[in-house]
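Hello,

Here is the structure for you to look over. My notes follow below it.

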Amino acid sequence: MKLQKNRSMLSLTGVLIGVIVIFSTGCAHMVPVIPKPPEKVCAEKIPLDMGLYIANEFKNYKVSESRLGDTWNYTNLGEASSTQFQLGLEQIFRTVEIVDEKPPFSKPKVTMLHAVIEPSIEKFDFNSPLTKLQVYPAKIQFKITIYDMSGKTIFTKSVEGIGDIQGSLCFDFAENPSKAASKAVEDGANKALKSILDSEEIKALLKK
């Protein structure tokens, strides 16, 4: 009887050690950021020709952090964000041209631009709840800077995109974090685009 009890204790100890090893080892998860196309914020395009400067730091922005023993890799966060801004700005302005430097340009351009817009990511925060049915929080902070053609900053603003979602049971561990991050990018980009549209600086460019 005593021998059987000892065997049971050893078996239970083995199970506990196995669980501890699983949790301490953890897993690495690739979390794709796939935002929906930006909302249309104006009925007609504004008759301005804008440059869009996408710095490498912005396009290649990635986040990799360990939470609760697992590693979460948001490898396309910057790429998805830059695409979101390009699509949104193309809905607002008559033309949007990707430029490879901020003004003043080292070489004269064939097309005449009214200003250049530079988006950037200041920070991205997320968390992993204990269960899949809890809220998955995600926040991204975008900064928008607009330069006139002499290189002077005429507008700058930071906005925060909120992507908190109610988690759901799913086989893929990355699904809920992906939805939260994607929603944060959507919300942040929409707020940034609206702030550009409503800015006095854009209205002033139209009057020139």
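How many salt bridges does the count come to? The count comes to 7, where a salt bridge is a side-chain nitrogen of Lys or Arg within 4 Å of a carboxyl oxygen of Asp or Glu.

Two points on the source. This is a predicted model, where local features need pLDDT of at least 70, side-chain atom pairs count only at pLDDT 80 or more, and totals for chains, interfaces and linings use all residues. Residues are numbered from 1 along each chain as its sequence is written, and side-chain values use heavy atoms, with hydrogens and water left out.

Among the salt bridges is Lys102 with Glu118, at 3.9 Å from N to O. This pair links distant parts of the chain, 16 residues apart. Lys102 sits in the loop between strands S5 (93–99) and S6 (115–126), and Glu118 in S6. Strands (E, at least two residues) and helices (H or I, at least four) are DSSP runs, numbered from the N terminus. Glu118 is buried at 12% relative accessible area, while Lys102 is partly exposed at 36%. Buried means under 20%, exposed over 50%, partly exposed in between (1.4 Å probe, protein chains only).

Arg67 pairs with Glu65, with the closest N and O atoms 2.4 Å apart. Arg67 is partly exposed at 22%, as is Glu65 at 29%.

Now helix H4. Of its 24 residues, 17 are buried. Lys194 and Asp198 both lie in H4, 4 residues apart, about one turn. Their salt bridge has its closest N and O atoms 2.7 Å apart. Lys194 is partly exposed at 46%, and Asp198 at 38%.

Best wishes
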